[in-house]
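Open the model in your viewer and keep the sequence panel beside it. The stops below are given in the order in which to select them.

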Amino acid sequence: MAYAELFCQSNFSFLIGASHAEELILQADFLRYHSLAITDECSVAGVVRAYSAIKNQQLNIKLIIGSMFWLNDECQVVLLCPSRYAYAELCRIITNARRRSEKGKYQLSEWDLMSIRHCLVLWLPCHKPSDNKWGRWLTQHHQHRLWLAVQRHLSCDDKQYIEYCQQLADEIHLPITACGGVLMHTATRLPLQHTLSAIKHGCSVNELGEQLLTNTERSLRSQEKLNKLFKPEWLAESVAIAQRCSFSLADLQYEYPSELVPDGYSPMSYLKQLVEAGKKQRFPEGVPSDIQQTIDKELCLIDELNYPFYFLTIHDIVMFAKRNHILYQGRGSAANSVVCYCLEITSVDPRQISVLFERFISKERDEPPDIDVDFEHERREEVIQYIYQKYGRERAALAATVISYRFKSAVRDVGKALGIEESQLDYFIKNVNRRDRAQGWQAQIVELGLQPDSLKGEQFITLVNEILGFPRHLSQHVGGFIIAAGPLYELVPVENASMPDRTVIQWDKDDLESLKLLKVDVLALGMLSAIRKCFDLIAKFHQQTLSIADITRRQDDANVYQMIQRADTVGVFQIESRAQMSMLPRLKPATYYDLVIQIAIVRPGPIQGDMVHPFLKRRNGEEQIDYPSEEVRSVLQRTLGVPIFQEQVIKIAMVAAGFSGGEADQLRRAMAAWKKSGDLVKFKTKLIEGMLSRGYQLEFAERIFDQILGFGEYGFPESHSASFAVLAYCSAWLKHYHPEAFYTSLLNSLPMGFYSASQLVQDARRHKVVILPICVNASLYDHQMVSHQGGLAIRLGFRQIKGFSQQSAKQLIHARAKSGFTHAGQIKHIGLNRRDVELLASANAMHTLSQNRYQTRWAMMDSLSDLPLFQDTQDDTAPLIGTPTESQTLLEDYASTGLSLAKHPIALLDDAGVLGRFTRMQELKNKEHQSLVTVTGVVTGKQSPGTAAGVTFFTLEDDTGNINVVVWKATARAQKSAYLTAKILQVKGILEKEGEVHHVIAGRLIDMTDRLQGLHSKSRDFH
C-alpha cells in the first residue's frame, strides 16, 4: 500500500526536529514513499533544501509544502498547500502569526484559521476534553478540506487513542488519514532528539524524564511497518491528499517593483535615458567606440532577459546614498559593467579592467545579475530604512541567515544536556586548538581528560558531531534585501528580526539563489566610513574636495605603489593582512590591475591550485609563458597564462572543453559547494575528455582540473577584486599623502579591519605622526586631527576610554568652559556619575590638572570639595602619595584605554633586563638568511588559513614594528600552553629571508606574559 507522509518536521523546527530536510527527503525516497510534506512549526524555512535535494539528485518523490501550528495550546493543525493560492495563504498566516510576537515565537489567532480558503487542513486531536469543541469548530469552517490525522507512536495508550480518534471522526463526520509526526529520518537520531529537547528546556536529559520520546516511532518507517500499523484506507487517504497537492516551489514567479519608472517611459527606455545621462558625466570627452559597443551589448541583454527593474532599483538606492553624502561602492560581475559605471553604481573605470561580458549576465546560464553595494558601515541603516519607507514592510524585507551550531556552541549545549560540569566544558573549549586540523577536536578533548570509552564520553563525541551544522535560529542577513511588486508574504513568510524596525524572510541567500529569486545586497563596509571621514578632514584642513573617483582618475601614482611594495600597508583596505603583506614585496604591484591580481591571488583558490609560484616566476621573467591555443590565450593572457580568477576557470571549461553555458553554470555551482558535496569530481571526465578531443595535452587538462579543485568554494571573482582594488588604492593614497587624516579616520571607524587602536597608533607613530593623549580640556568623543606646533597631530578622544559612553562625553564637553577646567575637583560637579569620573582618572585624562593619575584619584576622593562652599576652591596641598612607575603607567593605560603613549611594553621589559638578548624587528634586515634569532613581542594577531596545512602565522609587535612568525603544527602541539595563551611571546627560531620578506620559523615558544602581569592587549585571531 502506497503512503504519503503528511506531517514531518525538520531541524528548522528548532530544537525539536532531529534531521536535516535533505536527509528526510532522501530517506523518504529510499523508502519509496509517494510524497513527503515538510511541515515545520509556523515555518517554511526548510522546504527549499528539500526541493533542491530532489532537483539536484533527481529523486522520484513529490515534495508537499506545509506547516504545523498550535492554537491556544489546545488545537494542533497541519496546513498543506495544494496550489499557488494555498501557498500564498500559508505564507500570509505564518507572517501574521510571527509578526504578532517577538523574534522566535508566534501567536496564531482563530481568525487565521477561519480565513483559510485554499489550504488543506489536517487536525491532530490531543486526547483532551477540548478536542470535541475544536473538531466541530474546524468542521464548521472547513468541512470539505479537513481531515482527522491519526498518528501511531506505540505509546502505552496507543489503542485507546486510536479508538478515541475513530469515535471523534464518526461524531463529527470527518475522513481519517494516517500520518507520522516525524522528527527524525532514521531511528538512530533518537539520542540527538533527546539532547535537543534538553537544550530546549534548559536542563539535562536525565532531568527531562517523562517528557522525552519513549521510542523511535517518530522516525520515517518502512511501508511494511506502516501497513501493519494503519488501516489500508487511512494509508490510501494520505496518497489521495498528496495527489491533490500540485504546487511546487518552481511555480514561484518574482515580480519587480514598478514605481521607479516615470509616466511615459517603459522600464527599458528609462534605463537607457539614465545611461545616456551617465555617459556624459563619466566620459566628458566622448565615449570610446569599444566602450559604446559594450554598452549596447549590455543594454540589449538587460532588455532581452527583462532585468531593467533590477538595475533601476540598484540605481535608485545608490542615488539616495549620493544625495545624502553616504559613500558607497558597487561590486560583483554585473556591477563592474559599463552600464553600472554610467549609472554611478561603481567607480571601476571599464578602461582600467577587462570587462568580461560573459560574466555580466549569462543568458545561457539563466543566472540573475550579481550586484553587491557596500555602504559606510555607520550609515547603512539610513539606506535600509529608506528601502523600508519606499516599498513598505509588506514588500521589502531582509533575507535570513541561518545561525548553525559550531564547535563552541555544540560542545557547550551538548555537554550541558549530558550533565557535564560547565567548568569542564569551558576548559575543553579554551584548550582545544581549532587551528590544528590534523589532530581533530575529539582527540584533543580526550587528551584534556574526557574518557572516550565511557558511555557519556562516547555519547558526547557522537552527539557533538551530529549537531554540528544544525540550524539554531534564524538571524538577519548582513544586507540582502528582497523587494517585491506585491505583498512579500505571498512569496515567502516574513517575521520580526531581533533589531527594532527590521523584518526578515524565512529563507537565506542560498534558498533565494536556488529559486532564482533576486535580492539586492545592501552591505556595510568600515573602510568606506573611514574614507568618507578622511575626505571630510582633508576638506576642512586643506580646502580640497576629494572623491573615490577623483583619486582613481589620477591614474597610478608611483609614490603610492612604492609604499605598497614595501608592505607599508597597515590599515590599507584588503592588503593589510599578514599574507598580503608577505606577497606585496614579491609581486611588487605597480598598476591598478596589479592590485586586482594582488587581492585575488592571496586567496585559498589560487594557493590550493598551485598558481601563485608560476605567476610570480612568469612576472619576474624566470619562466616562459606559453599557451596551448589561441582560445586559452584569450582567457589567460592578462594573468600570464595562470588562472587567477573564478571567471577564468569557468571560461576555460567553455572554450577548451566545450562546456555549454548551462554546464558551465553547473560547474560554478559545484565549485561553490565543493567542500560540502564533492560534486566537482563528476565533471572530471567530461572536462578532460573535452580537452583531449580538442587537441589539448593530458597534462594540461589534468592541471586545469586540479586548479578547478583548488578554486572549490574559495574562488575569488575578478569583478569583486576590481572593486576592492579601487578602495585599496584609494586608502593607500590617503595613507601616503594624508597620514594624520587617514589614521584619525581609521581610529574613528573601529572596530574594522585587522588592527586594533593600539596597533594603528603604533604604526602612526612610526610614520612620525604626533599622537596627543586624551585630555578633559581638549578631547572630544571622537579622535580629532588638530593643528599642533606648525603641523598636524591626532588628539585621542574619549571614545578610547573603556566603558565611557558617548552621552557622558557630551555632558563633559557641554560643561567645559572655553578656558577649560582648572582643577580636578570641578569634574566631580558637572553631573557625571562616580564611575565615569573614575574612568577619566584611570585613563589619566586629567593629566593637565594633576601630576599623575594617582593624584587625580586622591583629589576625586576629597569629600571637602563636595560641600557647596568649597566646590570652586582648589586644594594645592600635595598629598603624600607616590608617583606611578613606568610599568604601572603602562598597565593602567592598557587597562583603561587599550593602548599607551608611554614606553612600548617590550622597551619597558628590555630596560628592566628581564627579556635577555633578542633581536628587534628593525634589526632583522641585518641578519643573515637562515640564521638563528630570538625575537620578542606582544601577540597582536594569529592566522590559520585553510590552505596553510596546520601552520599558524603569529604577528608579534615590538617597539620598532611587526614581526611575522611561522608556527608549524608540531611546534604548536608540543608547546600548546604558550601557543594558545601567551600575550607577550619570545620566539627562538630561524630567520627566513626572501627579498624584502622576513619571517621567523618558530622553534621554541616562551610565554613572557608573567614578566608584565596585567597587560590588557588582545590579539586579533582569524581562523
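**A tour by selection**

Start with Asn72, in the loop between S3 and strand S4 (75-80); helices (H or I, at least four residues) and strands (E, at least two) are DSSP runs, numbered from the N terminus. Asn72 is not a glycine, yet its phi is positive, about 60°. Its relative accessible area of 46% makes Asn72 partly exposed; buried means under 20% relative accessible area, exposed over 50%, and partly exposed in between, with a 1.4 Å probe and protein chains only. Most residues other than glycine have a negative phi, and most peptide bonds are trans.

Before going further, note that this is a predicted model, in which local features need pLDDT of at least 70, side-chain atom pairs count only at pLDDT 80 or more, and totals for chains, interfaces and linings use all residues. Residues are numbered from 1 along each chain as its sequence is written, and side-chain values use heavy atoms, with hydrogens and water left out.

Select residues 21-30, helix H1, where Ala21, Leu24, Ile25, Gln27 and Ala28 are buried. Looking down the axis of H1, you find these buried residues within an arc of 165°, so they line one face of the helix; the arc is that of the directions from the helix axis to the C-beta atoms. Contact here means heavy atoms within 4.5 Å. Arg32, with a positive phi near 65°, follows H1.

Now select H2, in which Val47, Val48, Ala50, Tyr51, Ser52, Ala53 and Ile54 are buried. The cover over these residues includes H1, S2, S3, strand S13 (503-508) and helix H21 (509-514). Which residues does Ala50 contact, leaving aside its neighbours within four places in sequence? They are Ala21, Ile25, Ile38 and Leu63. Ala50 has a relative accessible area of 0% and is buried. After H2 comes Gln58, with a positive phi near 50°.

**The second largest pocket**

Show Ile16, Met68, Trp70, Gln76 and Arg218: of the 50 residues lining the second largest pocket, these are the closest to its centre. The space in this pocket is about 1800 Å³. On a 1 Å grid over the protein atoms alone, a pocket is an open set of points where a 1.4 Å probe fits, with protein on both sides within 12 Å along at least five of seven lines; lining residues have an atom within 4 Å of a point. Grid points are joined across faces, edges and corners, and the volume is the space filled by probe spheres set on the points. S3, helix H6 (158-172), helix H7 (190-201) and strand S11 (471-483) each supply at least two lining residues. H7 gives the largest share, four residues.

**Domains and cores**

Colour the chain by domain: domain 1 (4-185 + 220-251), domain 2 (267-399 + 475-525), domain 3 (403-472), domain 4 (548-726), domain 5 (756-868 + 886-897) and domain 6 (905-1021). These bounds come from an automatic or database domain assignment. The centres of domain 1 and domain 4, taken over C-alpha atoms, are 49 Å apart.

Select Trp123, Leu249 and Trp507, which have the most contacts inside the largest nonpolar core, a set of 135 residues. Such a core consists of buried Ala, Val, Leu, Ile, Met, Phe, Trp, Tyr and Cys residues joined through side-chain atoms within 4.5 Å. Helix H13 (residues 308-323) contributes the largest share, 10 residues. Domain 1 and domain 2 both give residues to this core, so it lies between them. Another core, of 94 residues, lies apart from it and includes Met563, Ile564, Val596 and Val837.

Go to Thr744, in helix H36 (residues 739-749). Thr744 is buried, at 1% relative accessibility. Beyond residues up to four places away in sequence, Thr744 touches Leu537, His783, Gln784, Met785 and Ile794. Leu537 is 207 residues from Thr744 along the chain, but their C-alpha atoms are separated by 9.0 Å.

Move to Pro751, in the loop between H36 and helix H37 (757-766). The peptide bond from Leu750 to Pro751 is cis, with omega near 5°.

End at Gln789, in the loop between strand S16 (784-788) and strand S17 (791-795). Gln789 is not a glycine but has a positive phi of about 50°. With a relative accessible area of 78%, Gln789 is exposed.
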